Amino acid sequence: MTTAVNTGGLTLDGVGKRFGRGTAAVTVLDDVAFDVPEGEFVAVVGPSGSGKTTLLNTVAGFVDPDVGQILVNGTPVTGPGPSRCVVFQEYAIFPWLTVRRNIEFGMRLRARRRPAAERRRIADRYLDLMGLTAFADALPKTLSGGMRQRVALARAYAVDPEILLMDEPFAALDAQTRETMQEALLEINQKERRTVLFVTHQVEEAIFLADRVVVMSARPARVQEIVPVPWRGPRHHELKTTPEFIELRRRIEAMLRGGHPTPEGQTA
Amino acid sequence: MPDVVFASGRQRPDTGPPAAPAGAGAAPPPRRAARRVLHRLRGALLGLSGFCGLILVWQLTAMAEIVGNGLLPTPFEVFEVIWTGLGNGLATDVLISSRRVVLWVSVGIAAAVPVGFLLGWFPTVRAALNPLVNFFRALPPIALVPLVIVYFGIGELARGIILMYAAFFATVVIVFEGVAGIEDKYVRAAQTLGATRLEVLARVVLPFSVPHILTAARVSLGIGWASLVAAELVAAQDGLGAVIQNAGNFLDIPRVYAGIILIGFCALVMDAVLRLLSARLVTWQDRGNR
């Protein structure tokens, strides 16, 4: 069953970003262009330090691109806001609030304020979907890393964003927790189809979660190729060991290696 | 859900009541509670042993007449002065000084918290005012006594201003360091959930700085007691600072010691109360195993 939720399309139109000035300037993003259609899950993979996080920060509105623009439902992005809610790699849930109050945080702000009863109902729903109901009144310091990221996911979903941005949200977790979290994310995404831009350096994670994988080159980051993922419907971890999956993974990993230009002086 | 576990060892046993998560059982198991009581008892005994050691050394030094040309009273003499004095007006001095410190240090903290916020939150304000704050912070309150008398007379206000001054600058520095030290990830998380600049300040920066404000209060109270004698140099007839000065004038050394000990004792009690209060108020902090 899918629930009606806020969704939107995302367009990156020739986005470029440099840091520094003059000869010391480093081009981090170079003419990055792709679409994330409404309701699609797109993963971005690239070598470490290739500017994936910068890319996500420009979409989030934390960083202004030098050239090009980012459009959400055709409207240019000018700063951070709840239409593009971010789930961060570091555990960024508020330590002074209980799990429930963390999830309700966005719904108490002016931008997405909701009446108390509705707030409670929505929080209950995401507590349930994320398996957090028993921990609703717990403080973050008592939770494990995986649980904290569940709270962060629930908090992001609860503001009903047009686009969900995820910046390597499971990178700090151990392998087993990471797999559990991937399944939890797929499960919630089955129930409510949202537009997701997911940044990771793990090719396996990208293929397993996404409908399409955007393969970036090393610095400056450009779009090398956009690879469609053939599987539809519910996925399980056994998928990762099928020959088709391994083949696709090898292909993308080869692109990432081959797409490594000379290590320095790539500012052109 | 294999990761549905509490991170073990994260809660220190003596950081106040642990947040009892719903469904996880409210009361801690009796053995853990017993261990916590033992742990506290041990801490209290260790704290007491320091005082006992000091009193012992003091007693021996006084008996052997090593220092002070016979003007070092024994602990017993001093405690006798305190004991009889408390029934004989000294208790009033304790009360008056306590009220003075609490009132004026509170005024100083109340004035300093918003200033600390401004300094912590706006880099321009910080750049402009930080050297100034550090300049005034370094001045000993006793050096201000002549000026305070000239400009504010010799009333209660003049004494209060000295205490307020001491508390104000200590609090400003601690609060602004706390606010400036807020991790960027919390600010960004709030922004991405839709918070405006004002909402970030009210819903992220303010709760984040509550523990810093409480620390500032503790430090300021300590500084307040430390500045009390200076404040009561301003023509005070009552209060522990006045007691010490009057006794000094008459070379009543046991009474000087009595005043000093009472100041230290009051400061100790107030600090303990504030520590307890802040453990109650700030249960969310993960203090680790510091």
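**Chain B, then chain A**

Modeller: Starting at the N terminus, the elements of chain B run α-α-α-α-α-α-α-α-α-α. Bear in mind that this is a predicted model.

Colleague: How many helices and strands is that in chain B?

Modeller: Chain B has 10 helices and 0 strands.

Colleague: And what share of chain B counts as buried?

Modeller: Of its 290 residues, 31% are buried.

Colleague: What about contacts in chain B with a separation of 6 or more, how much comes from residues 24 or more positions apart?

Modeller: Those pairs make up 74% of such contacts.

Colleague: Let's look at one helix pair. At what angle do α4 and α5 of chain B pack?

Modeller: About 140 degrees, and the axes are 9 Å apart. Helix α4(B) covers residues 145-152 and α5(B) covers residues 156-180. Because of that angle, α4(B) is oblique to α5(B).

Colleague: Is the crossing left-handed or right-handed?

Modeller: Right-handed, as α4(B) passes α5(B).

Colleague: Which residues make the contact?

Modeller: On α4(B), Val145(B), Val148(B), Ile149(B) and Phe152(B). On α5(B), the contact uses Leu157(B), Ala158(B), Ile161(B) and Ile162(B).

Colleague: What classes do they fall into?

Modeller: The contact between α4(B) and α5(B) has 8 nonpolar residues, with no polar and no charged ones.

Colleague: Switching to chain A. What is the average pLDDT there?

Modeller: It is 88, and 95% of the residues in chain A score at least 70.

Colleague: Where does pLDDT stay under 50 in chain A?

Modeller: Over residues 260-268. For that stretch of chain A the model has 10 contacts beyond four places in sequence.

Methods
Residues are numbered from 1 along each chain as its sequence is written. Chains are lettered from A and ligands numbered from 1 in the order in which they are written. This is a predicted model: local features need pLDDT of at least 70, side-chain atom pairs count only at pLDDT 80 or more; totals for chains, interfaces and linings use all residues. pLDDT is the predictor's confidence in each residue, from 0 to 100. Two residues are in contact if their C-beta atoms, placed from the backbone, lie within 7 Å. Axes are lines fitted to C-alpha atoms, for helices over the stretch in contact, and angles run from 0 to 180 degrees between N-to-C directions. Helices (H or I, at least four residues) and strands (E, at least two) are DSSP runs, numbered from the N terminus. Angles under 35 degrees count as roughly parallel, over 145 as roughly antiparallel, 65 to 115 as roughly perpendicular and the rest as oblique. A crossing is left-handed if the near helix is turned anticlockwise from the far one by less than a right angle, and right-handed if clockwise. Ala, Val, Leu, Ile, Met, Phe, Trp, Tyr, Cys and Pro count as nonpolar, Asp, Glu, Lys and Arg as charged, and the others, Gly among them, as polar. A residue is buried if 20 or more other C-beta atoms lie within 10 Å of its own, exposed if 12 or fewer, and partly exposed in between; C-beta atoms are placed from the backbone.
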